[in-house]
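The sequence and structure are shown first, and the description follows.

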Amino acid sequence: MESEGIVYLNGRFVARGEARIDPEDRGFLFGDGVYEVLRVRASQPLFVDRHHARLTRSAGQCEIAQPFDRAGLEALARELVARNGISDGIVYLQITRGVASRAHVFPPPGTAPTVYAFARATVEDPELWARGVSAILLPDERWGRVDMKTVNLLPNVLAAEKARRAGAYEAILVREGVVTEGSHCNAWIVRQGVALTHPTGPHILAGVTRDTVLRAAARVGVTVEERPFTAEELLGADEVFLTGTTTGVLGVVQVDGTTVGDGRPGPVTRALDGGYRALVEEEVARARAAVAS
Ligand SMILES: Cc1ncc(COP(=O)(O)O)c(C=O)c1O
């Protein structure tokens with residue numbers, strides 16, 4: 001396995017090849033852990049407030065001790081970005097319920113959580129945003145609390161792999177006829193100029209990008225309705241797009257082989273992509289100014 005990069009494990013920065021996790025870690029045995037993925041742009045970790053709030057919520061709902069305050073999370077992200085010389089990329093952070101002799105019930109009080117984090121460079125292929133991507137529809141086979149960002153991602157993994165094998169970028173998930181979200185991003189449609197996305201609640205992850213796009217929509221004058229929509233509505237939509245930390249705002253131009261609109265990312269998708277990118281640049285400037293002051 002490649003051993004590049006400096007990662008963070010339980011209070012120490014070590015070469016990835018030297019990071020060791022106990023096989024009785026509950027993250028490994030039970031998927032008993034939570035995680036976050038932050039976007040890094042121009043070496044600035046973005047939207048730290050929102051990621052910290054969601055991490056605290058996910059960990060709290062799982063009763064996992066979350067050791068970071070907001071400043072601590074930002075400091076960790078910055079250190080990983082600096083040590084790995086990242087300009088554009090992501091920071092990944094995972095916290096599990098720690099190491100204990102295998103039993104489903106919680107380990108004894110005082111068991112330390114395992115904290116693992118890394119930073120990685122990502123490269124955007126601008127063609128994806130210019131041309132749009134394809135998606136397939138699949139049944140949403142996940143549990144009923146996907147608002148908690150846990151590492152239990154097996155249904156997402158299986159759905160993403162089915163999409164890949166179908167030559168599609170993403171699997172869009174459908175629960176009782178209603179579109180929830182993608183395997184790794186939030187799903188939106190546009191009908192008669194109005195952007196629709198599933199309301200937050202137990203059946204979707206409240207995406208940080210989704211939230212940023214809601215703010216972008218208000219700026220660029222796009223009306224949004226947070227309401228459930230059906231797979232049928234999606235197949236008849238004028239536009240379909242996805243949002244996520246590693247996805248940005250990405251037009252979907254084909255679903256299950258059916259062309260969406262005129263087969264290109266539509267005007268509302270492009271307006272929201274522009275608005276989102278502007279907010280990202282403002283966040284970069286804000287983060288830089290906060291460090292300088
Ligand atoms: C299932 C799911 N929905 C939505 C998202 C988008 O969330 P965010 O915009 O915070 O990256 C993700 C991102 O990982 C995800 O895994």
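How many helices and strands does the secondary structure of the chain come to? The chain, a predicted model, has eight helices and 15 strands. Its radius of gyration is 19 Å, close to the 19 Å that the globule rule gives for 293 residues, so the chain is as compact as a globular protein of that length. Along the principal axes, the C-alpha atoms fill a box of roughly 55 × 45 × 35 Å. Of the 293 residues, 40% are buried. When contacts between residues at least 6 apart in sequence are considered, 71% of them join residues at least 24 apart.

**The six-stranded sheet**

Six strands form an open sheet, and their order is E2-E1-E6-E5-E3-E4. The pairing in this sheet is antiparallel. Strand E2 (12–15) and strand E4 (44–45) are the edge strands, each pairing on one side only.

| Strand pair | Sense | Bridges |
|---|---|---|
| E3 (residues 33–41) and E5 (residues 89–96) | antiparallel | eight bridges |
| E1 (residues 6–9) and E2 | antiparallel | four bridges |
| E1 and E6 (residues 114–121) | antiparallel | two bridges |

Tyr35 stands opposite Gln94 in E5. Tyr8 stands opposite Phe13 in E2, and the bridge partner of Tyr8 in E6 is Ala117. Helix H2 (residues 48–62) lies across E3, E4 and E5 and runs at about 175 degrees to E3.

**Loops with positive phi**

Most residues other than glycine have a negative phi. Two exceptions are described here. E1 and E2 form a hairpin with two residues between them, and Asn10 lies in the loop that separates these strands. Phi of Asn10 is near 50 degrees, a positive value in a residue other than glycine. Asn10 counts as partly exposed because it has 15 C-beta neighbours inside 10 Å.

Gln192 lies in the loop between strand E10 (186–191) and strand E11 (194–197). Its phi is also positive, near 50 degrees. Is Gln192 buried or exposed? With 7 C-beta neighbours inside 10 Å, Gln192 counts as exposed.

Ala163 is found in helix H5 (residues 154–165). Ala163 has 23 C-beta neighbours inside 10 Å and therefore counts as buried. Which residues does Ala163 touch, not counting those up to four places away in sequence? They are Ala135, Ile136, Ala168, Tyr169, Glu170, Ala171 and Ser183. Lys149 is 14 residues from Ala163 along the chain, and the C-alpha atoms of the two are separated by 22 Å.

**The ligand shell**

The ligand is surrounded by 14 residues, and the closest are Gly207, Val208, Thr209, Gly244 and Thr245. By class, the shell has four nonpolar, eight polar and two charged residues. Helix H6 (208–220) and strand E13 (239–244) each supply at least two residues of this shell. Which element gives the most to the shell around the ligand? H6 does, with three residues.

Notes:
Residues are numbered from 1 along each chain as its sequence is written. This is a predicted model: local features need pLDDT of at least 70, side-chain atom pairs count only at pLDDT 80 or more; totals for chains, interfaces and linings use all residues. A residue is buried if 20 or more other C-beta atoms lie within 10 Å of its own, exposed if 12 or fewer, and partly exposed in between; C-beta atoms are placed from the backbone. Two residues are in contact if their C-beta atoms, placed from the backbone, lie within 7 Å. A residue is near a molecule or strand if its C-beta atom, placed from the backbone, lies within 6 Å of it. Ala, Val, Leu, Ile, Met, Phe, Trp, Tyr, Cys and Pro count as nonpolar, Asp, Glu, Lys and Arg as charged, and the others, Gly among them, as polar. The radius of gyration is taken over C-alpha atoms; the globule rule is 2.2 Å times the number of residues to the power 0.38. Two strands pair if DSSP finds at least two bridges between them. Axes are lines fitted to C-alpha atoms, for helices over the stretch in contact, and angles run from 0 to 180 degrees between N-to-C directions.
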